[in-house]
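Visitor: Could you walk me through this one? I'm new to it, so please take it slowly.

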Amino acid sequence: MSSTFETIANIIAETCDIPRDSITAESHAINDLGIDSLDFLDIAFAIDKAFGIKLPLEQWTQEVSDGKATTDQYFVLKNLSARIDELVAAKGA
Amino acid sequence: MRLEYFQLIDRIVELNLADRKITCEATVPTASTIFEGHFPGYPLMPGVLLVEAMAQTSGWLVVAATGFERMPFLASIKDAKLRTFVTPGQVLSVTSHLAHEGSGFAVLNAKIKAEGKAVADATLTFRVLDFPNAEMAEQMRKQADNIGLKIEARADG
């Protein structure tokens, strides 16, 4: 988990010009770091490339819109890291 | 090109969905009111329209790759380079490669050449959404037919 978090924290810092020190596992990408949907596309692109996966952003957005999930589940970075780990594991299964 | 209708692409020259590449042809008109202002006495194709030509070429590739089910909307232009002047009457070859197909977005690398020489290039990101309404989808299908985007090629996607 920690290496996944480190990777995405570095991606966010570089993509959005956010000081790396201000990005923690508890940070919410939208509410705490102020990342908007357009910047998140760049982050998703970088994450997809780095991990060889396809973040299911549309599915997540739909689940949040339908009230079936909270943004915390996908956009708090420790949770995002866990989701990425699950996607990587599913790919290798 | 039909600049007055913002249709920058004349025809699809090649669509290769296996390699995720497209090549389009676009001939700059010899006369347009645009050239009266850009620039008086020295007509040049505006750079933003070269970027638009790359965006439309890339967009057709995304439309084809999604089997004509979804519509790309330009969201980001990166590293756009306008390498040389383009003048009325020039024939442009516009190519694009679908570098990444994400969830609800796509990233493409596009280039323009004229007479074999590099004219422009850029990396473009699109949001890829459902067609907002049936009318738009129908109009896009008609335009696809007009520029030679073959239905059987779309079916390969």
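Visitor: What radius of gyration does chain B have, and what would a compact globule with 157 residues have?
Guide: Chain B has 15 Å, which agrees with the value near 15 Å for a compact globule with 157 residues; the radius is taken over C-alpha atoms, and the globule rule is 2.2 Å times the number of residues to the power 0.38. This is a predicted model, in which local features need pLDDT of at least 70 and side-chain atom pairs count only at pLDDT 80 or more, while totals for chains, interfaces and linings use all residues. Residues are numbered from 1 along each chain as its sequence is written, and chains are lettered from A and ligands numbered from 1 in the order in which they are written.

Visitor: And what does the C-alpha trace of chain B span along its principal axes?
Guide: The C-alpha trace of chain B spans about 45 × 30 × 25 Å along those axes.

Visitor: OK, how many helices and strands does chain B have?
Guide: Chain B has four helices and six strands, where helices (H or I, at least four residues) and strands (E, at least two) are DSSP runs numbered from the N terminus. Along the sequence, their pattern reads β-β-α-α-β-β-β-β-α-α.

Visitor: Why is strand β5 of chain B described as largely enclosed?
Guide: Seven of the 10 residues of β5(B), residues 105-114, are buried, so the strand is largely enclosed by the rest of the structure. A residue is buried if 20 or more other C-beta atoms lie within 10 Å of its own, exposed if 12 or fewer, and partly exposed in between, with C-beta atoms placed from the backbone.

Visitor: Which strand pairs with β5(B) over nine bridges?
Guide: Strand β4(B), residues 91-101, pairs with β5(B) in the antiparallel sense over nine bridges, pairing being called when DSSP finds at least two bridges between two strands. B:S93 has B:K113 in β5(B) as its bridge partner. The two strands form a hairpin with three residues between them, and B:G104 in the turn has a positive phi of about 85 degrees.

Visitor: And how many bridges join β5(B) to β6(B)?
Guide: Strand β6(B), residues 117-130, runs antiparallel to β5(B) and is joined to it by 10 bridges, with B:K111 standing opposite B:D121.

Visitor: Switching topic, how many residues does each chain give to the contact?
Guide: Chain A gives 10 residues and chain B gives nine residues, two residues being in contact if their C-beta atoms, placed from the backbone, lie within 7 Å. On the chain A side, α2(A) gives the most, with five residues.
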